[in-house]
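Biologist: Thanks for sitting down with me over this one. Could you walk me through it, helix by helix and sheet by sheet?

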Amino acid sequence: MVGDVVSAIGTEKLIAALPRLKKEYAADVTVVNGENAAVGNGITRQAAEQIFAAGADCITGGNHTFRRREFYDYLDESEFCLRPENYGDAAPGHGICVVDKGHVRVGVVNLLGTVFMEPLENPFDCMDRALVRLQDEVHFTVVDFHAEATAEKRAMGFYLDGKVAAIVGTHTHVQTADAQILPNGTAYMTDLGMTGPVQSVLGVEPSLAIEKMRTHLPVRFQNPSGDCLLQGVCIDVDKANGKAVCIERISV
Ligand SMILES: [Fe+2]
Ligand SMILES: [Fe+2]
């Protein structure tokens, strides 16, 4: 599972690094958060196609997925490009899919937090329904919980412990150091981090982020050039019981 890909520079990093990583870890299924993959935020058809071409089986989203209206048709058409499920039926697209690799079928659920974010359906209730829908279809399920508050993410982790193989957070663009297997066998990490420029404020050119913070006026964000990191985790799951065996933090 790979953290938020930021702009063209992050997409280029993903294209350069992901195929080798997938081989190194012998990854069966790869999930990439793409909510910021377009230049200037959001996600476009071109960015999504590049992420799939880089090796993603599923693209997850977040609060920026709906930034561009021209992307709405793609969300409706694409089985494996998700937006958070708790936006509800009135929004384009869907937040659940099944990645079927033949030898393994993995459910992927994308949720948005509601603490300091949009007032959407309660993600805990939404997740209960998602699990009922997936129970007879998959060997196990993984969750991208796109959320701001650490406590909401960790609470969701323990809520889903033993019910899913993995739940990881995205959105803050800063990787956390709490990768762990919870008591009932669910892999957990509060935030995957980002796939984007190192010398930045969550992917944004620092001087522009400073201007925004100091003035509170509209500022057109740009991404700096320079070295990028790809960040995420590799999770090993026992297909027989759906429990995680290990979770390893990746930052390359
Ligand atoms: Fe993001
Ligand atoms: Fe976000």
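Modeller: Happy to, and please keep in mind that this is a predicted model. Let's start with helix H4, residues 123-134.

Biologist: What distance does H4 reach from its first C-alpha to its last?

Modeller: H4 has twelve residues. At 1.5 Å a residue, the expected value is 16 Å. The helix in the model comes close to that, reaching 16 Å.

Biologist: Which residues of H4 are buried, and how are they arranged around the axis?

Modeller: A residue counts as buried if 20 or more other C-beta atoms lie within 10 Å of its own. In H4 that picks out Pro 123, Cys 126, Met 127, Ala 130 and Leu 134. Viewed down the helix axis they fall within an arc of 100°, so they line one face of the helix.

Biologist: What do the buried residues of H4 pack against, and at what angle does H4 run to E5?

Modeller: Their partners are E4, strand E5 (105-112), strand E6 (140-146) and helix H5 (150-159). H4 itself lies across E4, E5 and E6. Its angle to E5 is about 165°.

Biologist: What is the strand order of the six-stranded sheet, and which strands are at its edges?

Modeller: This is an open sheet with mixed pairing, in the order E4-E5-E6-E7-E9-E8. An edge strand pairs on one side only, and here those are E4 and strand E8 (180-181).

Biologist: How many bridges join E4 to E5?

Modeller: E4 and E5 run antiparallel. Val 98 stands opposite Gly 107 in E5. The number of bridges joining the two strands is five.

Biologist: Where does H5 lie, and at what angle does H5 run to E7?

Modeller: H5 lies across E6, strand E7 (166-170) and strand E9 (187-189). Its angle to E7 is about 170°.

Biologist: Where does Leu 82 lie, and why does it count as buried?

Modeller: Leu 82 is in the loop between helix H3 (72-77) and strand E4 (96-100). Its contacts beyond four places in sequence include Cys 58, Ile 59, His 94, Cys 97 and Val 108. The cut-off is 20 neighbours. Leu 82 counts as buried because its C-beta neighbours inside 10 Å number 27.

Biologist: Where is the kink in H1?

Modeller: The kink is about 35°. It comes shortly before the proline Pro 19, at Ala 17.

Biologist: What covers the buried residues of H1?

Modeller: The buried residues of H1 are Ser 7, Ile 9, Gly 10, Thr 11, Lys 13, Leu 14 and Leu 18. Their cover includes strand E1 (4-5), strand E2 (31-33), helix H2 (45-54), strand E10 (194-197) and strand E11 (228-229).

Biologist: What is the order of the three-stranded sheet, and what angle does H1 make with E10?

Modeller: The order is E1-E10-E11, in an open sheet with mixed pairing. The edge strands are E1 and E11. H1 packs on this sheet, touching E1, E10 and E11, and its direction makes an angle with that of E10 of about 115°.

Biologist: Which residues of H2 are buried, and within what arc do they fall?

Modeller: The buried residues are Ala 47, Ala 48, Ile 51 and Ala 54. They line one face of the helix, because seen down the axis of H2 they fall within an arc of 125°.

Biologist: Last one: which residue in the turn between E12 and E13 has a positive phi?

Modeller: Strand E12 (residues 231-238) and strand E13 (residues 243-251) pair in the antiparallel sense over eight bridges. Ile 235 stands opposite Ile 247 in E13. The two strands form a hairpin with four residues between them, and the turn residue with a positive phi, about 70°, is Gly 242.

Terms used. Residues are numbered from 1 along each chain as its sequence is written. Chains are lettered from A and ligands numbered from 1 in the order in which they are written. This is a predicted model: local features need pLDDT of at least 70, side-chain atom pairs count only at pLDDT 80 or more; totals for chains, interfaces and linings use all residues. The bend at a residue is the angle between axes fitted to the seven residues ending there and the seven starting there. A residue is buried if 20 or more other C-beta atoms lie within 10 Å of its own, exposed if 12 or fewer, and partly exposed in between; C-beta atoms are placed from the backbone. Two residues are in contact if their C-beta atoms, placed from the backbone, lie within 7 Å. The arc is that of the directions from the helix axis to the C-beta atoms. Two strands pair if DSSP finds at least two bridges between them. Axes are lines fitted to C-alpha atoms, for helices over the stretch in contact, and angles run from 0 to 180 degrees between N-to-C directions. The expected span of a helix is 1.5 Å times one less than its number of residues.
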